[in-house]
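This briefing covers strand pairing, nonpolar cores and domain layout. Please consult the sequence and coordinates shown below alongside the points that follow.

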Amino acid sequence: MFYLSVLEHTLRLPPHLLNLPLNEAIKGELEGLFVDKTLISGHDAKVIANLGLGISIYDIRSVDDGFIYPSEGASTYKVKFRLVVFRPFVGEVISAKLKESNAEGLRLSLGFFDDIYVPAPLLPDPSRSEPDPENKNQVRWIWKFDELDYPIDGIDEIRFQVHNVSYPSMPLEQDKDSKPFAPMVIKGSLDADGLGPISWWI
């Protein structure tokens with residue numbers, strides 16, 4: 001789920017940071033570029049395509065150069081560092097909380113990442129949806145097994161299996177009513193033994 005990735009970046013260090021220790025100033029600038037400090041999904045998330053969501057700067061391996069280009073007051077460094085990234089692999093089983101439930105399926109959250117979707121065809125078979133008595137804008141999905149109903153009501157954590165991870169391209173235009181752009185989307189499945197609300201299997 002979490003990996004250490006080695007990256008190189010040419011970093012421009014503003015003059016007002018030059019009074020700080022060099023590694024401290026560089027780490028702060030790298031965090032602003034690569035780390036999702038708010039730890040929420042959506043357009044503010046610091047996702048690197050095909051790499052994952054930046055969680056923290058693990059360490060700085062090397063700092064080279066330190067040139068000041070003509071007409072600039074800032075110095076420029078070539079930095080090699082390690083970044084902790086969130087990137088689940090296909091087939092991994094993860095526990096999450098229910099964030100939203102509608103006719104298309106479920107949306108789950110890890111607390112720091114919300115763009116996890118379980119489409120209706122990947123819910124346990126057979127499943128049906130009913131109006132949610134506690135939220136008129138949502139539905140409640142129910143799995144029927146051995147003539148008993150097992151609802152997905154958001155009380156328990158939900159185990160899902162990663163079906164795929166995608167990195168959509170940012171649209172040139174976006175409708176006002178469309179949901180915020182997500183730079184990384186996880187599609188999950190509940191259609192296997194042991195998946196779904198934890199209470200189903202206790």
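In this predicted model, strand β8 (residues 127–132) runs antiparallel to β9, the two being joined by six bridges. The β9 strand also pairs in the antiparallel sense with strand β10 (residues 148–152), over five bridges.

**Strand pairing around β9**
- A hairpin is formed by β8 and β9, with two residues between them.
- On the β10 side, Lys144 has Asp149 as its bridge partner.
- A hairpin is likewise formed by β9 and β10, with two residues between them; Asp146, in the turn, has a positive phi of about 55°.

**Nonpolar cores**
- The largest nonpolar core comprises 25 residues, and those with the most contacts inside it are Leu106, Leu108, Phe113, Ile152, Phe160 and Leu190.
- Two or more residues of this core come from each of β5 (93–102), β6 (105–109), β7 (116–119), β9 (135–145) and β11 (158–166).
- At least three residues of this core are drawn from each of domain 1 (2–86) and domain 2 (92–200).
- A second, separate core has 17 residues, including Leu7, Leu17, Ile26 and Val79.
- Leu190 touches a set of residues beyond four places away in sequence, among them Leu106, Val118, Ile152, Phe160 and Leu195.
- In soluble globular proteins, nonpolar side chains tend to be buried together.

**Domain layout**
- The domain assignment divides the chain into domain 1 (2–86) and domain 2 (92–200).
- The centres of domain 1 and domain 2, taken over C-alpha atoms, are separated by 34 Å.

How values were computed: Residues numbered from 1 in each chain as written. Predicted model: local features only at pLDDT ≥ 70, side-chain atom pairs only at ≥ 80, totals over all residues. Heavy atoms only, no water. Core = buried A, V, L, I, M, F, W, Y, C linked by side-chain atoms within 4.5 Å. Buried < 20%, exposed > 50% of the residue type's maximum accessible area, 1.4 Å probe, protein only. Helix = DSSP H or I, 4+ residues; strand = E, 2+ residues; numbered from the N terminus. Domains from an automatic or database assignment. Contact = heavy atoms within 4.5 Å. Pairing = 2+ DSSP bridges.
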